[in-house]
Amino acid sequence: MRGLNLGLVLAVAVAAVAAVLMGETALSSAQYGQALTHPLSGPGEVLWQVRAPRAICALLVGAALGLSGAVMQGLLRNPLADPGVLGVSATAAMAAAGAIVLGAAAVPGVVEGAALIGAALSGLVLIAVAARVRAPEALILFGVALSSFAGALTALIFNLSPSPIASAEVMNWLLGSVQNRSWIDVAWVAPALAVAAFLAWRAAPGLRMLTLGEEAARASGLSMGRMRILALLATAVAAGAAVAVAGVIGFVGLAAPHLVRAAVRGDPGRLLAPSALAGGLMLMLADLAARLVPTDQELKLGVFTALVGAPLFALIAWRAAREWRL
């Protein structure tokens, strides 16, 4: 377990260095030296005010998505679960889209705050539903309905937008990106990720006991209500922070836990930290690849992850279907 986390930390460090050093604008060795010795110079601005916060944002957003995906898969005991299953990402995006259309994008922090509020509200609704239903399938179905309803409201907001500029901003947000992110955005997502990680850590023993079955977990003294609240709050905070900073980015929360699940032997409690590291690594590499792909217009990060993640999702679903058939 320690070896896995150490390996992921080293891989994240290497990817972070590559994300800072590499980009569309090529720098010479002398310019790299100037950036290191004079951070306020032109090359220094490129490295420390443009590339570095973008890389850290990708790392933190990916970690938030990976963590929330691992929590959801453990809570619902479903390998196909991710933050989007319960509608948290969709409601956060809906709230952000509403703030943009209302013209609040010009005020710093309003769109991000709206996304967090939307995620928090969906989390409260899910907690209320979880208190009344015991079967994870029922919670999944309600989450799918919530996600569909939030998606419909987002489409309605987009359709009724009075300004083409606002519509373009909403579309840009929905495609997902960490382009032009600053240290202020890092300051937005880092505390939220810390809170989500703490909540997930408190829920980890319950997620581990849940693998024995709900009845056995209850007989062992597990408070299902408390564990569900911790898990849902962790998911809402992490996914909401990710959407607030980067917009809608899919498949990372689904794929990251699967990359490390075998190494922890399927233990959902031990899966949390490696999933967060794997998610951060995935999104940093995806953002670097999106930057380096030679296109006239830079690929949006959400588009890139969807292109890569959709086939992976199909493969995971195919393997799960074969296991169910057996």
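What radius of gyration would a compact globule with 326 residues have, and what does the protein have? The globule figure is near 20 Å, and the protein has 20 Å, which agrees. That radius is taken over C-alpha atoms, and the globule rule is 2.2 Å times the number of residues to the power 0.38.

Before I go on, a word on the model. It is predicted, so local features need pLDDT of at least 70 and side-chain atom pairs count only at pLDDT 80 or more, while totals for chains, interfaces and linings use all residues. Residues are numbered from 1 along each chain as its sequence is written, and side-chain values use heavy atoms, with hydrogens and water left out.

Now the overall picture. The protein has 13 helices and zero strands. Read along the sequence, the pattern is α-α-α-α-α-α-α-α-α-α-α-α-α. Helices here are DSSP runs of H or I, at least four residues, and strands are runs of E, at least two, numbered from the N terminus. Along the principal axes, the C-alpha atoms fill a box of roughly 65 × 50 × 35 Å.

Next, burial and surface. Of the 326 residues, 49% count as buried. Buried means under 20% relative accessible area, exposed means over 50%, and partly exposed is in between, with a 1.4 Å probe and protein chains only. The protein exposes about 15,100 Å². Carbon and sulfur atoms supply 69% of that area. These areas come from the Shrake-Rupley method with a 1.4 Å probe, and for residues only the protein chains shown count as cover.

On to contacts, meaning heavy atoms within 4.5 Å. Take those between residues at least 6 apart in sequence. Of these, 78% join residues at least 24 apart.

Charges next. There are 20 positive and 14 negative charges, and their mean positions are 12 Å apart. Lys and Arg count as positive, Asp and Glu as negative; His and the chain ends are not counted. Each charge is placed at NZ of Lys, CZ of Arg, CG of Asp or CD of Glu.

How many salt bridges are there? The count comes to three. The rule asks for a side-chain nitrogen of Lys or Arg within 4 Å of a carboxyl oxygen of Asp or Glu.

Start with D287 and R54. Their closest N and O atoms are 2.9 Å apart. D287 lies in helix α12 and R54 in helix α3, residues 42-76, so this pair ties together parts that are 233 residues apart in sequence. Both D287 and R54 are buried.

D287 also forms a salt bridge with R291, with the closest N and O atoms 3.7 Å apart. These two are four residues apart in helix α12, so about one helical turn separates them. D287 and R291 are both buried. Salt bridges with shared partners join R54, D287 and R291 into one network.

The remaining pair to show is D267 and R208, at 3.0 Å from N to O. This pair links distant parts of the chain, 59 residues apart. D267 sits in the loop between α11 (252-260) and α12, and R208 in helix α8, residues 183-210. D267 counts as buried, at 16% relative accessibility. R208 is partly exposed, at 35%.

Back to helix α12, which spans residues 272-292 and also holds A278. Is A278 buried or exposed? At 5% relative accessibility, A278 counts as buried. Beyond its neighbours within four places in sequence, A278 is in contact with L8, A256 and V260. A278 and A256 are 22 residues apart in sequence, and their C-alpha atoms are 5.5 Å apart.

Now look at P136, in helix α6, residues 136-160. P136 is buried, at 12% relative accessibility. Not counting residues up to four places away in sequence, P136 touches L76 and R77. The C-alpha atoms of P136 and C57 are separated by 32 Å, and the two are 79 residues apart along the chain.

Last, backbone angles. Most residues other than glycine have a negative phi. N180 has a positive one, near 65°. N180 is in the loop between α7 (164-175) and α8, and it is exposed, at 69% relative accessible area. F251 is not a glycine either, and its phi is positive, about 75°. F251 lies in the loop between α10 (224-246) and α11. At 25% relative accessibility, F251 counts as partly exposed.
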